[in-house]
Amino acid sequence: MHSHIIPNMRKPCLLLRQPLRLTVPFPCYDLPLRASQPFLPRRIYRVFSLTRYRGTGPAKKTTRVIYEPIEDVERMEYYEAGGYHPVTIGDCFHHRYRVVHKLGHGTYSTIWLARDKVSKRYVALKICTADSNTPENSVLSRLSQPQQSSRLDRDLFPTISDIFNIQGPNGNHTCYVTRPARMSLSDAKNGSWISLFQLEVSRAIVAQLIIAVQYTHSQGIVHRDLHRGNILLRLCRDFDKLSTDMLYEKYGEPVLEPVNRLDGQKIPPEVPQYGVVPIWLGAVSEDVTLPEAKICLSDFGEAFCPTHEQKIESHTPLLVRPPEARFEPTQPLTFSSDIWTLACTIWDIMGQRTLFEGLLTNDDDMTSQQVDLLGPLPPEWLTKWKEIRKKDSKSTHQPPTSPTQSWEDRFEQHMQRSRIREGMPPFELKERDAFILMLRSMLRFRPEDRPSAQQVLESEWMVKWALPEYEKIRNTA
């Protein structure tokens, strides 16, 4: 059992906070809240299989709001039969993993920073909901099998070091142990006023991402959820040298928020008495240095092997969702679906803003933006779009049928000007042209017209600009 508290552990502080009031009252996909948001580090933190904007499947359902919401903390309504397992700072799991802080949460798990009493290292302890059923373990096991001819950095993917189950008031929970990460790319950009990585840093990150996707595809696996929230920056090895007291001194003790029911009733035993605010281990995007730019591709909860099963539904955020998910909803997703989301994510990493934008956007607006940049839809898709719009009384504006902005203009607005404005080195003309050429090939409407991940890896921009930056740090700790 895990219920005992380590006697000599420093007691965490109880700090009551006033919630940060934003003019945007709900989470949106990586929207920089510059005008309405004080400059505070974003405390949403991902590790292993964390997704802030949606979970690894259909959203959980709850009949009503029972508890006062706590900023940056999971909903207490999901501490129920089949749901989250209540955890307290100081709990010890599997007789070796002592919880010292919280890393974050996803729809189907909470993730905790724990100290392994055996290895004397920090670990990420992912405690799944009792009703979760994810293929992540089998997928990661497949990706971790060594290939004799491969020079792949195995740390590009999470490695599960331990798996066990616990019984709690809400059911039986599977627990995974892996190395913690520093932050996601979304955390780094959301915590920044300018939302830009240094050019050499963004090149190295993209190079690793493409290598990771190419290897994933070579093993017969479609990731199905590529976006910058699932790309993690690694912690330095020296992190394990910190004692718990040193960790608290450097990053702050756990902040505990009292859990309150709206009806004033007593908190039941299946719900924690306090919500724990996640620790912030990261840095703003522009301060990430090249040696710190090594990544880990996470969240394989949506991944699948097309030769063994078919998936037709895309749960990726709308801004990066492949168009075939809308216009060919009965056709299985393929490796090419990853190529589309990969291209959108690459733009997102290299630039200040997403390629396609929208706070309150919908499928129709997204298609319009895609046509604005990429040109006409395939004829059969255009016919379907007109039929959809005819049935939808809300679609009042005339849809575009041809591009209204060139790639070069979009690049100048989103990439060059923002970098020059912030005093960062801009792209040179040859690199710009090679970069656009690569992305245009990846963002073709018909999935069969897109290049493979191997072909992207061999593109001119990768070979001349991205891979050389990665080689500078590939063998560093």
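This note goes through a predicted model in numbered points, from the chain as a whole to single residues.

1. On the basis of the model: residues are numbered from 1 along each chain as its sequence is written, and side-chain values use heavy atoms, with hydrogens and water left out. Because the model is predicted, local features need pLDDT of at least 70 and side-chain atom pairs count only at pLDDT 80 or more, while totals for chains, interfaces and linings use all residues.

2. On the chain as a whole: the secondary structure comes to 12 helices and 11 strands, where helices (H or I, at least four residues) and strands (E, at least two) are DSSP runs numbered from the N terminus. Of the 477 residues, 58% count as buried, a term that stands for under 20% relative accessible area, with exposed meaning over 50% and partly exposed the range in between (1.4 Å probe, protein chains only).

3. On contacts and surface: among contacts (heavy atoms within 4.5 Å) between residues at least 6 apart in sequence, 73% join residues at least 24 apart. The accessible surface of the chain comes to about 21200 Å², of which 51% belongs to carbon and sulfur atoms; such areas come from the Shrake-Rupley method with a 1.4 Å probe, and for residues only the protein chains shown count as cover.

4. A cavity here is a set of points, on a 1 Å grid over the protein atoms alone, where a 1.4 Å probe fits but cannot get out, and lining residues have an atom within 4 Å of a point.

5. The lining residues include Leu318, Arg321, Phe327, Asp363 and Gln370. By class, the lining has 6 nonpolar, 2 polar and 3 charged residues, where Ala, Val, Leu, Ile, Met, Phe, Trp, Tyr, Cys and Pro count as nonpolar, Asp, Glu, Lys and Arg as charged, and the others, Gly among them, as polar.

6. On the annotated residue: the UniProt annotation "binding site", from an unreviewed entry, covers Lys126, and such annotations may be inferred rather than shown by experiment. Lys126 is found in strand S4 (residues 121-128) and counts as buried because its relative accessibility is 3%.

7. Leaving aside neighbours within four places in sequence, its contacts include Trp347, Arg353 and Thr354; the C-alpha atoms of His414 and Thr354, 60 residues apart along the chain, are separated by 8.4 Å. His217, in helix H3 (residues 199-218), counts as buried at 12% relative accessibility and touches Phe335, Asp338, Ile339 and Ala453, not counting residues up to four places away in sequence.

8. On backbone angles: most residues other than glycine have a negative phi. Asp72, however, has a positive phi near 70 degrees; Asp72 lies in the segment before strand S1 (92-93) and counts as buried at 13% relative accessibility. Lys120 has a positive phi near 65 degrees and sits in the loop between strand S3 (109-116) and S4, where Lys120 counts as exposed because its relative accessibility is 53%.

Technical notes: 1 Å grid on protein atoms, 1.4 Å probe; cavity = no way out; pocket = protein on both sides within 12 Å on 5 of 7 lines; lining within 4 Å.
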